[in-house]
Amino acid sequence: MTYETLLVEQIEGVVEVTLNRPEKYNALTAQVAREIMDVCKKVGRDASMRAILLTGAGRGFCAGQDLEEVDDRAGDHSFRSHLLKTYNPMAMAMRALEKPIVVAVNGAAAGAGFGLALAGDIRYASEHAKFVPAFIGIGLVPDTGVSYWLPRLIGAGRAAEVLFSNERINAQQAAEMGLVNKVFPADSFLDEARSLAQKLASGPTLGIGLTKRILNHSLGVSFAEQIDYEAYLQDVTGHSADYQEGVTAFLEKRAPEFKGM
Ligand code: T3D
């Protein structure tokens with residue numbers, strides 16, 4: 001797969017996506033958003049692609065909107081329309097993809113780049129990672145789902161504090177708050193993230209994908225609706241080859257070989 005702004009490589013079942021504008025801290029443009037959406041579409045359609053690993057080239061993970069690219073902020077520029085065409089569908093494509101997305105946060109994740117990191121499922125951080133809201137620093141409200149995930153991950157009061165004050169969060173603080181799952185030394189963190197992505201890719205990826213769907217569903221419904229939805233999807237996974245293999249392997253006391261179907 002060839003892209004202008006991304007490096008994309010399939011390694012066994014994992015599609016490794018590297019944001020590749022290092023001189024700009026991998027700042028976002030409409031093209032980057034389009035390319036991420038395209039990767040999600042391809043991965044969604046290809047059974048051999050069972051997980052995504054997303055990271056950034058160079059020192060930054062993603063600095064949010066490329067502030068040098070927007071040339072008509074005054075006048076008729078519609079910020080709303082820009083988001084509806086770019087970062088909203090990008091974040092939706094990542095959430096809707098029923099395959100796991102591991103985000104390896106190598107450096108600064110700012111503004112919409114913070115949202116990009118939060119749109120993945122599991123975040124591993126290098127000790128050099130930092131999360132920078134950035135929006136209020138330039139007088140904007142959050143976008144790309146930051147105002148959705150932040151209160152859910154760190155609590156409403158803490159989210160208000162971080163977003164109002166544009167507080168920079170370092171890797172250790174991010175782990176303590178639950179923004180990232182784990183922090184590793186810079187020289188080993190990518191291997192750790194790769195190893196997690198490979199492990200997920202060789203797991204029961206139908207079940208993982210539907211678990212992602214079930215978690216998404218839980219965010220907007222009552223307890224009664226959620227357990228009803230669990231029962232519905234349990235029926236789907238219960239009739240899968242992976243379920244048969246999982247139970248057979250357990251009874252035969254061997255490791256299961258999941259196919260993701
Ligand atoms: O405006 C609209 O269209 C609305 C869209 C909104 C969506 C958003 O994402 S709003 C938020 C936009 N992002 C920001 O405001 C972040 C701005 N950048 C920073 O705050 C810092 O650069 C970082 C926290 C990301 C990193 O800090 P640090 O100290 O590690 O690095 P640095 O020296 O500030 O930046 C390194 C280089 O990246 C530098 O280039 P240079 O001087 O080496 O040539 C810097 O200009 C460049 N860079 C960083 N962020 C951006 C950027 N270039 C373009 N756009 C950026 N957003």
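**Pockets and a strand**

Mentor: The lining of the largest pocket has 19 nonpolar, six polar and eight charged residues. Here Ala, Val, Leu, Ile, Met, Phe, Trp, Tyr, Cys and Pro count as nonpolar, Asp, Glu, Lys and Arg as charged, and the others, Gly among them, as polar. This is a predicted model, where local features need pLDDT of at least 70 and side-chain atom pairs count only at pLDDT 80 or more, while totals for chains, interfaces and linings use all residues. Residues are numbered from 1 along each chain as its sequence is written, and side-chain values use heavy atoms, with hydrogens and water left out.

Trainee: Which residues lie nearest the centre of the largest pocket?

Mentor: Those are A63, G64, Q65, L67 and I138, out of 33 lining residues. On a 1 Å grid over the protein atoms alone, a pocket is an open set of points where a 1.4 Å probe fits, with protein on both sides within 12 Å along at least five of seven lines; lining residues have an atom within 4 Å of a point.

Trainee: Which element gives the most to that lining of the largest pocket?

Mentor: Helix 2, with three residues. Helices (H or I, at least four residues) and strands (E, at least two) are DSSP runs, numbered from the N terminus.

Trainee: And how much space lies in the second largest pocket?

Mentor: About 360 Å³. Of its 18 lining residues, R95, G120, D121, K212 and L215 are the closest to the centre. Helix 9 supplies the largest share of this lining, six residues.

Trainee: New topic: strand 2. Why is strand 2 largely enclosed by the rest of the structure?

Mentor: Six of the six residues in strand 2 (residues 14–19) are buried, so the strand is largely enclosed. Buried means under 20% relative accessible area (1.4 Å probe, protein chains only). V14, E16 and T18 point one way, and V15, V17 and L19 the other way.

Trainee: What does strand 1 do with strand 2?

Mentor: Strand 1 (residues 6–11) pairs with strand 2 in the antiparallel sense over six bridges; two strands pair if DSSP finds at least two bridges between them. They form a hairpin with two residues between them, and E12 in the turn has a positive phi of about 50°.

Trainee: How many bridges join strand 2 to strand 3?

Mentor: Six, and those two strands run parallel.

Key: Grid points are joined across faces, edges and corners, and a volume is the space filled by probe spheres set on the points. Buried means under 20% relative accessible area, exposed over 50%, partly exposed in between (1.4 Å probe, protein chains only).
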